[in-house]
Every structure is written in C-alpha cells, then in structure tokens.
Amino acid sequence: MTVMRKLWHLSSAERGLLLKAGILLAIYRIALWVMPWKRLAVSRPSPGESHTDRSSVETLEWAVRTAHRRVPFATCLTQALALHHLLARAGYESSIHIGVAKTVGRGFEAHAWVEYGGVTLLSSPSEVAHYSRLLAVPTPSL
C-alpha cells in the first residue's frame, strides 16, 4: 500500500497528529544541531491543547514512530524529545531517559527513550535493559 493510500485511510485527527509529530521531529532535529543540550532539556511546550480531548499515550507513540521514518536523521533522542513534548501537551507526565553501554563489537553506545507510568515507550524494556541510565529528564512544569 502506498504512503498516500495509507494516509487516506487515517482519520483527519490521525493525519493531523502525524503532521504535528513530523514537524516536532524536524524542529527537535534542527534544535539538537544548533542549541546546547541544557537549554533544550529544560524547555517546555507551550500550553495549548485541552486535556479533555487528548490522544492516548499509545496514539502519540504511534505518531512519533510513524513520522520518524520520513524525517532525516530522526535519532532516538529526537524521537524521545518529540514524544515527551506531545505527552506534556496532552497532560501526561513522562520522562526522557538516556542510557549508555559499551559492547565488544560496537563499542560505546547511547540510547534515549521515554517512560510514562513505569512503561518504556519507543523501545522495549529488553532493548533498554543493557544500558546504564545516565540521565532522566522529567516533564517540565507547565
């Protein structure tokens, strides 16, 4: 099925969310190139969306996972920042986790993911198990 056909089968709300996720991924990708991490980590989304009509955590995760395929260089950190932003805008408290690992074959590795209510998002728990947590960034106060 082509991309356009898949988009056509989505509801207008899902298409809008996918567009919003793609824009956020692009913004955070560029921001990671030009802004210091400290400034990015403490930034907070502007208030705007009503918490009464919010998307589910799973839907927000789906939007970021789907949109990242179309945004060049959308790394795990870019995805984590975008999902964390969407969750905060929808009223969910989450945290970005950054972990590091050293393996024999691949050397030093780093990975970022989001946690909400003790559930790992954007990665499986087994995928992040071999990383030592280096940093956790909670949802900023709105």
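**Ground rules.** I worked from a predicted model, where local features need pLDDT of at least 70, side-chain atom pairs count only at pLDDT 80 or more, and totals for chains, interfaces and linings use all residues. I number residues from 1 along each chain as its sequence is written, and side-chain values use heavy atoms, with hydrogens and water left out.

**Fold.** I looked up the secondary structure and found 6 helices and 4 strands. Helices here are DSSP runs of H or I with at least four residues, strands are E runs of at least two, and both are numbered from the N terminus. Along the sequence I read α-α-α-α-α-β-β-β-α-β. Of the 142 residues, 41% count as buried. Buried means under 20% relative accessible area, exposed over 50%, and partly exposed in between (1.4 Å probe, protein chains only).

**Helix packing.** I checked α2 (residues 12–34) against α5 and got an angle of about 125°, with the axes 9 Å apart. That makes α2 oblique to α5. For α2 and α4 I noted about 60° and 8 Å between axes. This pair is therefore oblique too. Angles run from 0 to 180 degrees between N-to-C directions, and axes are lines fitted to C-alpha atoms, for helices over the stretch in contact. Under 35 degrees is roughly parallel, over 145 roughly antiparallel, 65 to 115 roughly perpendicular, and the rest oblique.

**Salt bridges.** I found 3 in the structure. The criterion is a side-chain nitrogen of Lys or Arg within 4 Å of a carboxyl oxygen of Asp or Glu.

- Arginine 65 pairs with glutamate 61 at 3.3 Å. They sit 4 residues apart in helix α4, so about one helical turn separates them. Arginine 65 is partly exposed at 33%, while glutamate 61 is buried at 13%.
- Glutamate 109 meets arginine 106 at 3.2 Å, N to O. Glutamate 109 is buried at 12%, but arginine 106 is exposed at 67%.
- Glutamate 115 bridges to arginine 133 at 2.6 Å. Glutamate 115 is in β2 (residues 107–116) and arginine 133 in β4 (residues 132–138), so the pair ties together parts 18 residues apart in sequence. Glutamate 115 is buried at 14%.

**Surface patch.** Ile30, Trp33, Val34 and Phe73 make a nonpolar patch of about 510 Å². Patch residues have over 30% relative accessible area and no salt bridge; nonpolar side chains (Val, Leu, Ile, Met, Phe, Trp, Tyr) are joined within 5 Å, like charges within 9 Å. Areas come from the Shrake-Rupley method with a 1.4 Å probe, and for residues only the protein chains shown count as cover. I located phenylalanine 73 in the loop between α4 (57–67) and α5 (76–89). Phenylalanine 73 is exposed, at 61%.
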